[in-house]
Amino acid sequence: MAAPEVSGGLDVTAVHRTLTRAVRAVCPRRLESERDDLVQGAMARVLSATRGGEVNATYVWKAASCALLDEVRSARRRHEVPLEEDAVSGIRDRTPGPDRALGAHALGVAVRRCLGTLATDRRRAVALHVLGYTPREAARVLDWSTKRVSNCVFRGLVDLRACLKTKGIEP
C-alpha cells in the first residue's frame, strides 16, 4: 500500500512518523498525555505551511518544538499542574472543616454580589478572567479587541477589590 500523499508529493505518513519522533524527543514527562495532541498540532502546522510541497527534516523538528512550546505556555496560562503518579500517594485528605466551608461560601456570596455591582462590560470581562480565559480568548468570545478586554479586566478587578474591601474582605 502506498503512503498517503497530499498534492505535490508530500508523504504524510513519513512526516507524521518524523513528528512523532521529534515530539517524543523534546516532550517533557509531565506532558506525555498530550503527545498525540502535540503531534496533531505540529502536523497541521507543517501541512498548512507547506501546502503539500516538499518538507525538510529541520522544518519538521522546528514545528514539533514550536507546538510543544505553545502547549507549555498555554498550560502555564491556564495554571494547570498535572499530578504525577508518585505525588498522588503523598496527598493528605484536605477536606475543609465546616467553619472553613462556611467561610468559603460567604466569600463566594460576597464576590458574586460585588460582581453584580460592576458595569456590564467589566463584569463580563472579569468573569471570563476568573474562569481562566486569556485576554485573547476572552476577546474572541466577547467579540472585542484584546486591549478592551485587558482594560475592562484591570478596571473591573480594581472595582471588585474596592467593593470587597467595603465588606471587610481583603487579600
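User: How many helices and strands are there in the protein chain?

Analyst: There are eight helices and two strands. Helices (H or I, at least four residues) and strands (E, at least two) are DSSP runs, numbered from the N terminus. From that end the elements run β-β-α-α-α-α-α-α-α-α. This is a predicted model, so local features need pLDDT of at least 70, side-chain atom pairs count only at pLDDT 80 or more, and totals for chains, interfaces and linings use all residues. Residues are numbered from 1 along each chain as its sequence is written, and side-chain values use heavy atoms, with hydrogens and water left out.

User: What share of the protein chain counts as buried?

Analyst: Of its 171 residues, 26% count as buried. Buried means under 20% relative accessible area, exposed means over 50%, and partly exposed lies in between (1.4 Å probe, protein chains only).

User: Why is Leu 38 called buried?

Analyst: Its relative accessible area is 4%. The cut-off is under 20%, so Leu 38 is buried. Leu 38 lies in helix α2. It touches Val 23, Cys 27, Ala 67, Leu 68 and Glu 71, leaving aside residues up to four places away in sequence. Contact here means heavy atoms within 4.5 Å.

User: What makes the buried residues of α2 line one face?

Analyst: The buried residues are Leu 38, Val 39, Ala 42, Met 43, Val 46 and Thr 50. Seen down the axis of α2, they fall within an arc of 135°, so they line one face of the helix. The arc is that of the directions from the helix axis to the C-beta atoms. An α-helix has 3.6 residues a turn, so residues three or four places apart point the same way.

User: Why does Arg 24 count as partly exposed?

Analyst: Its relative accessibility is 48%. Arg 24 is found in helix α1 (residues 12-26). Arg 24 and Val 39 are 15 residues apart in sequence and 9.2 Å apart in space, C-alpha to C-alpha.

User: Which residues of α5 are buried, and why are they said to line one face?

Analyst: Ala 110, Cys 114 and Leu 115 are buried. They fall within an arc of 135° seen down the axis of α5, so they line one face. The face turned away from that side carries the exposed residues Pro 98, Leu 102, His 105, Arg 112 and Arg 113. The cover over the buried residues of α5 includes α6 (120-130) and α8.

User: How do you know that Ala 110 is buried?

Analyst: Its relative accessibility is 8%. That is under 20%, so Ala 110 counts as buried. Ala 110 touches Leu 164, Lys 167 and Ile 169, not counting residues up to four places away in sequence. The C-alpha atoms of Ala 110 and Leu 164 are separated by 7.0 Å, at 54 residues apart along the chain.

User: What puts the buried residues of α6 on the same side?

Analyst: Those residues are Ala 125, Val 126 and Leu 128. They cover an arc of only 160° around the axis, which puts them on the same side of α6. They pack against α5, α7 and α8.

User: Why is α7 called roughly perpendicular to α8?

Analyst: The axes of α7 (residues 135-142) and α8 (residues 146-166) come within 8 Å and cross at roughly 105°. That makes α7 roughly perpendicular to α8. Angles of 65 to 115 degrees count as roughly perpendicular, under 35 as roughly parallel, over 145 as roughly antiparallel, and the rest as oblique. Axes are lines fitted to C-alpha atoms, for helices over the stretch in contact, with angles from 0 to 180 degrees between N-to-C directions.

User: Why does Asp 143 count as exposed?

Analyst: Its relative accessibility is 70%. The limit is over 50%, so Asp 143 counts as exposed. Asp 143 lies in the loop between α7 and α8. It has a positive phi of about 60° although it is not a glycine.
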